[in-house]
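Visitor: I would like to learn how to read a protein model from its contacts and charges. Could you walk me through it?

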Amino acid sequence: MGLTLIRKSRGAPPKRNPKVALVLAGGAVSGGAFKVGGLKALDDFLVERKITDFDVYVGLSAGAILAVALAAGVSPSEMVKVLEGTSRRMDMLRPVDFYNPNWREFAVRPAKLLYDLFAFLPGIGGDLIRALPTLPDAVSGPFAAFARQPSYVNFEAAAMALIQHVSPTREMPALTNHIPSGFFDNASLERWLRRNLERMRIPNDFRGFSRKRGCDLYVTACDLDTAERETFGPDERNDISISEAVQASTALPVFYKPARIKGVDYVDGGVRRTANIDVAIEKGCDLIICYNPFRPFLNRIDAEGGDTPYFANGRYLADRGMKMVLNQVFRTLLHSRLKLGLQRYLTDDRFQGDILLLEPRERDTEFFNVNPLAFWKRQDAIHHGFESVRLTIEQNFETVQDVLSHYGLEMDRDAARRRADRVRTERGWSSPAAAELPAQPRGRTPLRIVRTETG
């Protein structure tokens with residue numbers, strides 16, 4: 001697990017009633033399940049004030065679903081049961097809720113293409129008949145040039161002259177304009193969340209939610225037509241419901257069609273920002289715990305005692321096909337934006353609090369190989385996220401405890417160990433072998449920004 005700390009409160013006395021925020025980045029299915037397991041591990045270390053007792057929750061994409069549940073008082077342990085289908089508080093998130101085919105566009109768009117093609121052919125035929133009397137004068141020059149010197153450039157000039165004369169404004173229907181805007185429709189996620197909020201008797205509007213729960217919830221999405229971030233919350237945009245805001249935030253491009261809500265098309269909030277730490281800063285939070293499940297995989301490693309690089313399993317990522325290339329590029333884009341944001345927060349004089357960022361290890365082969373959209377991998381991702389975060393906190397316990405205690409969050413290592421043993425027994429999880437434990441970092445000196453990499 002990767003642990004990054006930004007300490008800007010060093011030397012300052014503890015604040016009275018500090019404001020604590022949880023910021024959850026995206027992650028699709030496996031990344032969301034990975035976060036559930038990790039949040040369960042973090043919650044096990046906390047005493048008295050738990051993850052469901054924070055002041056501000058900020059989420060995007062899959063993190064938005066988790067942020068709503070946590071802010072509503074659903075513990076990480078209960079969220080594990082939701083993914084298992086054993087929860088009594090919330091309905092299970094089923095494959096049909098996640099993989100809801102975009103039936104309408106797959107039926108309508110091909111039909112529209114056929115209609116446009118059949119309308120185009122008679123139209124172009126009529127244009128040709130009307131243009132015949134003057135056609136020789138209009139195209140004789142370019143065609144003569146092509147006859148004297150056959151080349152692509154002259155052929156293109158002759159073809160364009162013919163098109164411009166016959167039908168200068170009519171365009172052939174483009175196949176790309178008739179491809180569905182997404183394979184699936186995430187309106188089913190909106191219905192699932194709306195139904196569960198009603199079941200828990202939690203208001204489905206941001207202001208009512210804030211009044212009932214005593215905390216503030218923020219969800220972000222990207223407006224497709226303006227490419228701007230849209231922030232929904234009790235003191236931000238709140239003219240749509242919480243479940244609709246989550247639908248907007250989870251509309252992963254290509255996989256889901258854009259979520260059209262009140263005349264605006266929204267796509268996944270991760271398109272604009274990897275996380276939304278700045279939202280928590282703007283709301284006056286002092287401690288921000290951020291959880292990002294996606295980071296690039298470090299495939300090239302310097303061999304001990306030499307300068308020769310080698311690769312994981314003796315293979316380049318490109319050797320594993322396009323999926324691995326896209327996986328690495330996608331993670332790199334998200335992570336580089338997050339790193340730039342952290343550097344900005346480090347130099348921002350308006351923020352004098354602390355940020356704790358949790359991420360997977362950069363050499364975590366197992367999690368990197370998991371398909372982010374594989375619903376059937378959620379149990380493995382929960383287990384992996386749980387052990388990753390638990391081991392990270394175990395090995396950096398004093399440092400994490402020092403940060404959290406500054407804001408009134410007490411930790412208990414022994415209680416966390418007992419809870420870990422209990423959950424492993426309940427779910428049949430094997431304990432990580434000693435050889436699998438990440439090595440304790442050495443020689444790390446806490447500075448304003450500390451990056452502790454374990455494993």
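Guide: Gladly! Let us begin with the idea of a contact: two residues are in contact when heavy atoms lie within 4.5 Å. Please keep in mind that this is a predicted model.

Visitor: Among contacts between residues at least 6 apart in sequence, what percentage join residues at least 24 apart?

Guide: In this chain that share is 77%. The chain has 16 helices and 16 strands, and its C-alpha atoms fill a box of roughly 90 × 60 × 50 Å along the principal axes.

Visitor: How many residues does the chain have, and what percentage count as buried?

Guide: Buried means under 20% relative accessible area. Here 52% of the 455 residues pass that test. The chain exposes about 22,300 Å², with carbon and sulfur atoms supplying 55% of that area.

Visitor: Which residues touch the most other members of the largest nonpolar core?

Guide: A nonpolar core joins buried residues such as Leu, Phe and Tyr through side-chain atoms within 4.5 Å. The largest one here holds 84 residues, and L22, F54, Y57, L217 and L404 touch the most other members. Leaving aside neighbours within four places in sequence, Y57 contacts residues including L22, I51, L70, C215 and L217. Another core, of 22 residues, lies apart from the largest one and has A21, V23, I281 and L342 among its members.

Visitor: Now the charges. How many salt bridges are there?

Guide: A salt bridge needs a side-chain nitrogen of Lys or Arg within 4 Å of a carboxyl oxygen of Asp or Glu. The count comes to 32. One of them joins K15 and D286, at 2.8 Å from N to O. K15 lies in the loop between β1 and β2 and D286 in the loop between α11 and β11, so the pair ties together parts 271 residues apart in sequence.

Visitor: Is D286 buried or exposed?

Guide: D286 counts as buried because its relative accessibility is 10%, under the 20% cut-off.

Visitor: Which residue forms a salt bridge with E236?

Guide: That is K283, with the closest N and O atoms 2.7 Å apart. E236 sits in the loop between β7 and α10 and K283 in the loop between α11 and β11, 47 residues apart. K283 counts as buried at 15% relative accessibility, whereas E236 is partly exposed at 30%.

Visitor: Which residues are linked in a network of salt bridges?

Guide: The network links E387, R390, E394, E398, R413, D414, R417, D421 and R424.

How values were computed:
Residues numbered from 1 in each chain as written. Predicted model: local features only at pLDDT ≥ 70, side-chain atom pairs only at ≥ 80, totals over all residues. Heavy atoms only, no water. Buried < 20%, exposed > 50% of the residue type's maximum accessible area, 1.4 Å probe, protein only. Helix = DSSP H or I, 4+ residues; strand = E, 2+ residues; numbered from the N terminus. Areas by Shrake-Rupley, 256 points an atom, 1.4 Å probe, with all protein chains shown as cover.
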